Amino acid sequence: MTGVGTEDDIPLGERKTVTDFCYLLDKSKQLFNGLRDLPQYGHKQWQSYFGRTFDVYTKLWKFQQQHRQVLDNRYGLKRWQIGEVASKIGQLYYHYYLRTSETSYLNEAFSFYSAIRQRSYYYQVNKEDRPELVVKKLRYYARYIVVCLLLNKMDLVKVLVKELSEEIEDYTQRFNTEDQLEWNLVLQEVAAFIEADPVMVLNDDNAVVITSNRLSEGGVPQLEQGMVVGQLTLADALIIGNCNNQVKFSELTIDMFRMLQALEREPVNLATQMNKPGTLQQEPSEKPAKRENPHKYLLYKPTFSQLYTFLSASFKELPANSVLLVYLSATGVFPTGHSDYEGPYDFGGVLTNSNRDVVNGETVQKRNQAQKEMHCLHPGDLFPFTRKPLFIIVDSSNSTAYKNFSNLFGQPVVCLLSPTVYPKSMQDQSQRGSLFTLFLYSPLMAFLYVCGLSSLRQGMWEKGQELLRKAYRDIGQMLTRSRAIDQAFLQFYGDEFLRLLLIRFVFCSATLRMHKLFRQESRSFPESYPQLPKQDTVESNLLQKHILELAAMLDVQGLFYDGTLDSY
């Protein structure tokens with residue numbers, strides 16, 4: 001105890017308050033540190049532990065509020081210590097979001113992180129000669145920025161980055177530390193992340209308007225009477241990022257960041273569902289009545305064994321009538337030898353993490369030519385998981401390896417595959433994220449980008465979105481009315497997230513097939529397994545008219561081949 005006076009002078013009640021506080025503080029730290037030891041996969045094992053940790057932090061937070069004066073006088077409670085407790089609660093909510101994919105918990109993390117800054121809990125840290133305290137403050141900033149990025153609070157992110165930059169400068173000047181380069185790298189990464197979107201939407205005052213690309217009410221065409229589709233639900237998704245040199249921040253590449261939002265609904269504020277700040281009304285061990293978002297695993301540069309472990313865990317826990325989605329954004333691995341028999345391990349695949357050399361974005365092989373690539377996820381590696389409904393998206397320079405897929409067990413399987421070659425003008429931008437993923441995340445932004453537009457007025461953006469809504473409805477009808485379409489597409493069409501991905505995929509394919517720069521090379525078109533009937537979907541006259549209408553609105557129709565003129 002650092003308070004004034006000896007222990008004998010302290011009244012018994014106040015001494016008990018300090019003892020109780022110390023117990024809660026120690027218990028909370030012990031539980032929080034134990035979170036690291038929990039398995040990262042599987043839905044059940046962690047929930048009761050998280051619940052206990054939440055309970056202790058809730059008690060600790062209330063306790064320090066109720067007994068602040070005694071703790072100030074007798075314990076010497078510092079404001080940065082209160083900040084640390086609030087920061088830990090923010091981290092708990094963020095990790096709860098990662099574990100459950102419920103975006104509402106991001107808002108809760110934000111409210112605690114926001115309070116720390118508004119109440120200047122860490123303000124005094126800079127006056128103390130303790131570098132480890134300043135590092136706590138810097139880490140708080142980095143975590144706060146991640147949550148703001150995920151909530152699309154870009155204006156606030158810019159302010160926080162400026163503050164973090166000043167804090168880092170002050171830290172490195174005061175303490176001659178070895179981690180200066182690491183913190184400067186954090187700044188560079190987040191700056192590149194903010195700049196990654198290729199198109200800005202501007203209001204009448206030329207201020208940037210933040211657009212959200214999560215699933216919102218009315219954002220996906222509804223099922224219409226007479227549409228015969230499957231009853232499957234997207235329950236689990238693995239989002240894997242292993243692209244060399246792609247913009248990243250905090251183990252999230254820009255492609256992963258975009259895809260995770262494409263698999264989430266707009267967050268709602270939990271305040272109405274909460275008893276008190278920092279407490280969960282619903283016990284974490286109870287299942288939500290309706291899971292709004294599919295559960296996700298975010299895997300940044302996983303090794304093959306890590307990827308397979310998470311894949312197996314998802315597969316094992318997949319409920320009945322549910323779909324597992326695997327999204328691969330990764331550097332291509334190409335086969336070196338050519339065998340007489342071409343099987344599912346003869347086409348290469350996408351890179352898994354290892355210490356191998358990477359030259360010019362593609363891997364260099366150093367082994368016997370007859371052997372298969374080891375640090376690579378081959379199409380054949382996914383075959384065992386086709387025993388349950390599987391939806392695969394591959395964004396890679398070797399995505400076409402997955403055209404050689406086989407449906408061995410009669411369950412629905414679909415692979416959406418990116419182009420493998422892009423026009424030269426587009427290649428320069430690959431660091432800022434893949435065009436294919438951009439189409440799946442924000443089709444209008446991707447459309448503007450391939451048309452060479454870097455900004456658009458808000459009114460025009462909204463008109464463009466209205467045109468897209470009409471196109472989406474027609475694409476939905478094309479898919480469900482086609483007599484030639486593979487049933488797997490219809491099996492997945494019943495789920496809102498998968499429906500939107502399928503529709504955006506068709507829109508992307510049709511756009512690139514009409515774009516004069518892309519038409520020069522068929523490898524610049526997306527593909528799928530099974531193949532879509534082109535005349536009914538990606539080469540439909542009706543869809544081409546929608547695309548030309550959008551191009552005309554943006555005054556870029558000269559970039560597109562008008563196939564409708566051929567019929568005259």
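**A buried charge, then strands and rings**

Author: D495 is buried (under 20% relative accessible area), yet D495 has no salt bridge, meaning a side-chain nitrogen of Lys or Arg within 4 Å of a carboxyl oxygen of Asp or Glu. The nearest side chain of opposite charge, R265, is 6.5 Å away. Lys and Arg count as positive here, Asp and Glu as negative; His and the chain ends are not counted.

Reader: What sort of model is it?
Author: This is a predicted model: local features need pLDDT of at least 70, side-chain atom pairs count only at pLDDT 80 or more, and totals for chains, interfaces and linings use all residues. Residues are numbered from 1 along each chain as its sequence is written, and side-chain values use heavy atoms, with hydrogens and water left out.

Reader: Back to D495. Where is it found?
Author: D495 is in the loop between helix 16 (487-493) and helix 17 (496-514). Helices (H or I, at least four residues) and strands (E, at least two) are DSSP runs, numbered from the N terminus.

Reader: And what does D495 touch?
Author: L232, T233 and L234, not counting residues up to four places away in sequence. Contact means heavy atoms within 4.5 Å.

Reader: Switching to strands. How many residues of strand 7 are buried?
Author: Nine of nine, across residues 322-330. Both faces are covered: the buried residues include L324 and V326 on one side, and V323 and Y327 on the other.

Reader: Which way do strand 3 and strand 7 run?
Author: Parallel, with nine bridges joining strand 3 (residues 233-242) to strand 7. Two strands pair if DSSP finds at least two bridges between them. I239 has Y327 as its bridge partner in strand 7.

Reader: What about strand 7 and strand 13?
Author: They pair in the parallel sense too, over six bridges. V326 stands opposite I392 in strand 13.

Reader: Now rings. How many aromatic pairs does the structure hold?
Author: The structure holds 32. Rings of Phe, Tyr and Trp (its six-membered ring) pair if their centres lie within 6.5 Å; planes under 30 degrees apart count as stacked, over 60 as edge-to-face and the rest as tilted. F447 and F507 have ring centres 6.0 Å apart and planes at 35°, so that pair is tilted.

Reader: Which helices does that pair link?
Author: F447 is in helix 14 (residues 443-450) and F507 is in helix 17, 60 residues apart.

Reader: F447: buried or exposed?
Author: Buried, with a relative accessible area of 0% for F447. F507 is buried as well, at 1%.

How values were computed: Buried < 20%, exposed > 50% of the residue type's maximum accessible area, 1.4 Å probe, protein only.
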